[in-house]
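Hi everyone, thanks for coming.

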Amino acid sequence: MALKLYGSPISTCTKRVATVLYAKQIPFTFINIDLAHGEHKTPSFLEHQPFGQVPYIDDNGFILYESRAICRYLAAKYAAQGAPLVPTDPKELALFEQAVSIESENFHPSASGAVRENIIKPMKGGTSDPEVFKQHITMLAAKLTGYDAILGRQKYLAGDTLTLADLFHLPYGSMLKLAGSDIMESQPNVHRWFSEISSTPAWQKMVKDGVKSTA
């Protein structure tokens with residue numbers, strides 16, 4: 001039975017998981033959850049995802065939520081399928097864990113905040129606040145100075161091999177220009193790196209097809 005991905009095609013976290021499914025060439029069935037009508041808050045959904053958030057997966061009865069946890073599970077279960085996205089050498093694995101923490105602590109808060117302010121808030125009928133957006137971008141710019149130093153020494157965030165830590169940046173990073181900022185092009189090494197990971201076949205499939213079943 002094919003793995004089932006429950007999520008929304010506009011959800012950044014759903015896109016994160018689908019990108020790894022594409023990268024590892026894992027057949028899956030996509031079940032579109034209607035966020036606009038509150039399907040993610042229904043008892044049947046909450047039974048599997050108690051926080052009422054997307055996505056979650058059902059892998060032949062094994063239920064897992066939180067997009068980064070799902071991605072790591074997929075990379076481990078299908079380690080021999082497609083490109084390896086999590087290293088096994090202890091030192092390389094430690095550098096990978098460091099890179100994952102960099103994304104979650106130094107990129108995600110400001111990037112997601114900027115996208116929420118200028119894209120998601122208006123989509124929900126609210127009004128974006130230019131000052132709040134500017135604060136997020138200013139903070140992100142400071143963090144990307146550290147990124148630029150790291151990426152001046154190596155090809156990717158965890159070393160010279162592409163990992164999940166790089167791919168985790170794509171859903172929100174790709175929306176920053178749409179939100180009104182070209183910050184991912186503002187520093188040379190960051191620009192080179194983000195252009196490269198944005199050109200991976202898995203993300204290009206996401207851009208072209210969106211989240212679609214492959215099973």
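I'll start with the sheet, then go to the helices, and finish with some charged pairs.

Quick housekeeping: this is a predicted model, where local features need pLDDT of at least 70 and side-chain atom pairs count only at pLDDT 80 or more, while totals for chains, interfaces and linings use all residues. Residues are numbered from 1 along each chain as its sequence is written, and side-chain values use heavy atoms, with hydrogens and water left out.

Okay, the sheet. Strands of a sheet pair through backbone hydrogen bonds, either parallel or antiparallel. Here, four strands make an open sheet, in the order 2-1-3-4, with mixed pairing. Two strands pair if DSSP finds at least two bridges between them. Strands are DSSP runs of E with at least two residues, helices are runs of H or I with at least four, and both are numbered from the N terminus. At the edges sit strand 2 (28-32) and strand 4 (62-65), each pairing on one side only. On average, neighbouring strands are turned by 20° against each other, direction ignored.

Now look at strand 3, residues 56-59: strand 3 pairs with strand 4 in the antiparallel sense, over four bridges. You can check that by eye, with Asp58 opposite Ile63 and Tyr56 opposite Tyr65. The hairpin of these two strands has two residues between the strands, and Asn60 there takes a positive phi near 55°.

Next, what packs on the sheet? Helix 1, residues 12-23, does, touching strand 1 (3-7) and strand 2. Contact here means heavy atoms within 4.5 Å. The direction of helix 1 makes about 155° with that of strand 1. For such angles, axes are lines fitted to C-alpha atoms, for helices over the stretch in contact, and angles run from 0 to 180 degrees between N-to-C directions. Helix 3, residues 67-77, lies across strand 1, strand 3 and strand 4, at about 130° to strand 4.

So how do helix 1 and helix 3 sit against each other? Their axes come within 9 Å and cross at roughly 5°. On the helix 1 side you'll find Cys13, Arg16, Val17, Val20 and Leu21, meeting Ser67, Arg68, Ile70, Cys71 and Leu74 of helix 3.

Last stop: salt bridges. Side chains of opposite charge can pair when their charged atoms come close. The rule is a side-chain nitrogen of Lys or Arg within 4 Å of a carboxyl oxygen of Asp or Glu, and the count comes to eight.

One of them joins Lys121 and Glu117, at 2.7 Å from N to O. These two are four residues apart in helix 4 (residues 90-123), so about one helical turn separates them. Which of the two is buried? Glu117 is, at 7% relative accessibility, whereas Lys121 is partly exposed at 32%. The cut-offs are under 20% for buried, over 50% for exposed and partly exposed in between, with a 1.4 Å probe and protein chains only.

Another bridge links Glu196 and Lys155, at 3.4 Å. Glu196 lies in helix 9 (residues 188-198) and Lys155 in the loop between helix 5 (130-151) and helix 6 (164-167), so the pair ties together parts 41 residues apart in sequence.
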